[in-house]
Amino acid sequence: ALKEVPGVAVQKTGHGFGGSPFIRGFTGYRNICMIDGIRFNNAYFREGPVEYWNSIDMFSVKRIEVVRGPASVLYGSDAVGGAVNVITRGRDRFDDGWHFNGELAYRASTAEASHQGHAELEGNYGKAVGFYVGASAKLFGDLDAGGDIGRQPKTGYEQYDFHAKIDRFLEPGHRLTFACQVSDMDDVWRTHNTIYGISWHGTTVGTDRERIHDYTRHLGYVQYSGEMPGSIVDRIKISLSMQAPREHRDRVSGSGATEKYGVFVTQFGASAQMESPLPVGRLTYGVDYYRDWIESFRRDWNASGVYLGRAIQGPVADGSTFDLFGAFLQGSFPLAGDALEIIVGGRYTYAAADAPRVADPVTSGNVVSISESWNHAVGSARFIWHADKEKHWRLFGGVSQAFRAPTLMDMTRFDVARTGEKEVPALDLDPEEFLTGEFGGRVVYDNVWAQAAYYYTVIDGMIIRAPTGRMVGTLVEVRKKNEGDGYVHGFEIEAGWRFHPQLTLSGGFAWLDGEVDAYPTSAPVRKKQPLEKMMPPQGFASLRWDSPNKKYWAEFLVRAADNQDDLPPGDKRDTQRIPPGGTPGYAVLNVRGGAELWKGLRWSLAVENLTDKNYRVHGSGVNEAGFNVISSLRWRF
């Protein structure tokens, strides 16, 4: 869904392991994801691409909103590279009496050897009650790469999803929503770490015999939204949520030693957002609070199968908690007869981490505790200027701060990190700070639209891994510190032209560059280095045809990326994912189209990677699909 958003790259550690986007140079816990406005990030998220975004069932998604750039004023910690809000499906039509609608969907892919099915039912009782229920099953086979690579072993997995939502209209303009989501991903391999990985352009193959993850996620929430025209508070939304992601990991090393990990997160969330009219402008304000409880364990067996016992903690501290409270205020003020809009805002955040049982980073066998809290404030000031009365042309820009509070993953991690590194807990960390300036323009006419933007982000005190000077077997021991200062800047361009009533030409391009302090070797010497897994210049172009009656469409699309050979030492050491000398560029040709066979029945067909190109997205642990035929059928009744 995000492949054709300029400035966004989607890395895959594995076919089902990864998928979280890089947005303007940042990924993992430096981008915030929300589901219907509910915070998806938690204190267990890692800095690299995380697999948890894959638990969001696309069959249940109505639309995805992407904000590129800092969004900490509205969304708090983690909204550094950008913010993504996933809006899920529900009942939209409300008529008198009982009404029901349903949908059956099926999708098959040759390169994935996959079969996906979805069924849903929605309805309403008058204008007072609406409901939605849906379920999906996805069976992915091993992924077939392009060229002579063929099937990549141990890349398939299974996923099952369930969604339900009930809307109750208390009176006109007031809605109460109850929703739940369940996702279960089974036998997801981190293949590149294992003997089943592939060597591509000189990458090395892992030594582990197994690296298997099982992941489940439960989300339940209740939301109240109300509109009260003429009141002091004329719009309000209140949310209460409980989210429970669960992860199990099995690892069998090359020697035969076995490790079993488990991490159970329980997250409670509460938020309120209000809007009020001002004599000049409008005010948006609110509060939000999230608490994470984390249980974590690790059990070990030696190569002979002898049980060695339970460790003090798993990947992060067992019995730990993380609190995040925020209060924000943002005003929008039209000036010069609505030609100019000024938007200013600020947020205060309190964060606290409490971990009573942490493995001592020095002795490993002893227990220490961590109890830290932080107070932080950020602000933003932006403008939108409409250059003409019809508002076809606009300029926009401003300055925005972002921050990220240290999490339990930063402070208490005791686990293998990047290739060749063992991370130990860090007992004293501070929030990361970012300052971004952006300037751009947008033009919109009936048949032509275009947008361009340039941004520059100053990085202050980013948390980076530093060598301790010790070795753990063959692994370099590292610990996180607030020693990463640097920058990232880039530009994004996107445009479209409907040059014929049925033909549209569109495309986008993005470039970025950046450096941050890092430790290039195991010696305690810090130097400026390129950002890790930095997105190379990339873009896309498409030509789309729509029939006059909108029942048929076809599109030719090319996506391309340049070589990425500007590698920091961490990327150079990551030899299982990144080839020596960098990741080669690629150009991939795709053709896709669809038809409404009859009312309610739609069929689509895509042929991806027409030339069977053998390629991978920079930083990924698997190659992308080779020649791939995808067929989808949706019947709405």
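The legends below describe several close-up views of one predicted model.

In this predicted model, local features need pLDDT of at least 70 and side-chain atom pairs count only at pLDDT 80 or more, whereas totals for chains, interfaces and linings use all residues. Residues are numbered from 1 along each chain as its sequence is written, and side-chain values use heavy atoms, with hydrogens and water left out.

View 1. A disulfide is counted when a pair of cysteine sulfur atoms lies within 2.5 Å, and a search of the whole structure finds 0 of them. The sulfur of Cys 33 has its closest cysteine sulfur in Cys 180, at 18 Å, and this is too far for a bond. In general, a disulfide is a covalent bond between the sulfur atoms of two cysteines. Cys 33 is buried, with 0% relative accessibility, while Cys 180 is partly exposed at 29%; here buried means under 20% relative accessible area, exposed means over 50%, and partly exposed lies in between, with a 1.4 Å probe and protein chains only.

**View 2. The largest nonpolar core and Tyr 44.** A nonpolar core is a set of buried Ala, Val, Leu, Ile, Met, Phe, Trp, Tyr and Cys residues joined through side-chain atoms within 4.5 Å. The largest such core has 48 residues, and those with the most contacts inside it are Tyr 44, Ile 294 and Phe 322. Strand β20, which covers residues 340-359, gives the most to this core, with 4 residues; helices (H or I, at least four residues) and strands (E, at least two) are DSSP runs, numbered from the N terminus. Contact means heavy atoms within 4.5 Å, and Tyr 44, when residues up to four places away in sequence are not counted, touches several residues, including Tyr 52, Val 263, Ile 294 and Met 409, as well as Glu 247 and Arg 249. A second, separate core has 19 residues, among them Ile 464, Ala 466, Leu 531 and Met 534. In soluble globular proteins, nonpolar side chains tend to be buried together.

**View 3. Pro 356 in strand β20.** Pro 356 is partly exposed, with a relative accessible area of 44%. Leaving aside neighbours within four places in sequence, Pro 356 is in contact with Gly 319, Ser 320, Val 367, Val 368 and Ser 369. Although Pro 356 and Val 368 are 12 residues apart along the chain, their C-alpha atoms are separated by 7.1 Å.

**View 4. The salt bridge between Arg 465 and Glu 47.** A salt bridge is a side-chain nitrogen of Lys or Arg within 4 Å of a carboxyl oxygen of Asp or Glu, and the structure holds 49 of them. In this pair, the closest N and O atoms are 2.8 Å apart. The two residues belong to distant parts of the chain, with Arg 465 in strand β26 (residues 448-472) and Glu 47 in the loop between β4 (38-39) and β5 (61-68), 418 residues apart. Both Arg 465 and Glu 47 are buried. The two also belong to a network of salt bridges that links Arg 30, Glu 47, Arg 404, Asp 410, Arg 413, Glu 423, Glu 432, Arg 465 and Lys 480.

**View 5. The salt bridge between Arg 291 and Asp 323.** The side chains of this pair meet at 2.7 Å, N to O. Arg 291 is partly exposed, at 24% relative accessibility, whereas Asp 323 is buried, at 10%.

**View 6. An open sheet of 4 strands.** The strands stand in the order β4-β3-β6-β5, with mixed pairing, where two strands pair if DSSP finds at least two bridges between them. Because β4 and β5 each have a single partner strand, they stand at the edges, and one side of each is left without a neighbour in the sheet. Strand β3 (residues 31-35) pairs with β4 in the antiparallel sense over 2 bridges, and Met 34 stands opposite Arg 39 in β4.

**View 7. Arg 24, a residue with positive phi.** Arg 24 is not a glycine, and its phi is near 50 degrees. The residue lies in the loop between β2 (18-23) and β3, and Arg 24 is buried, with a relative accessible area of 4%.
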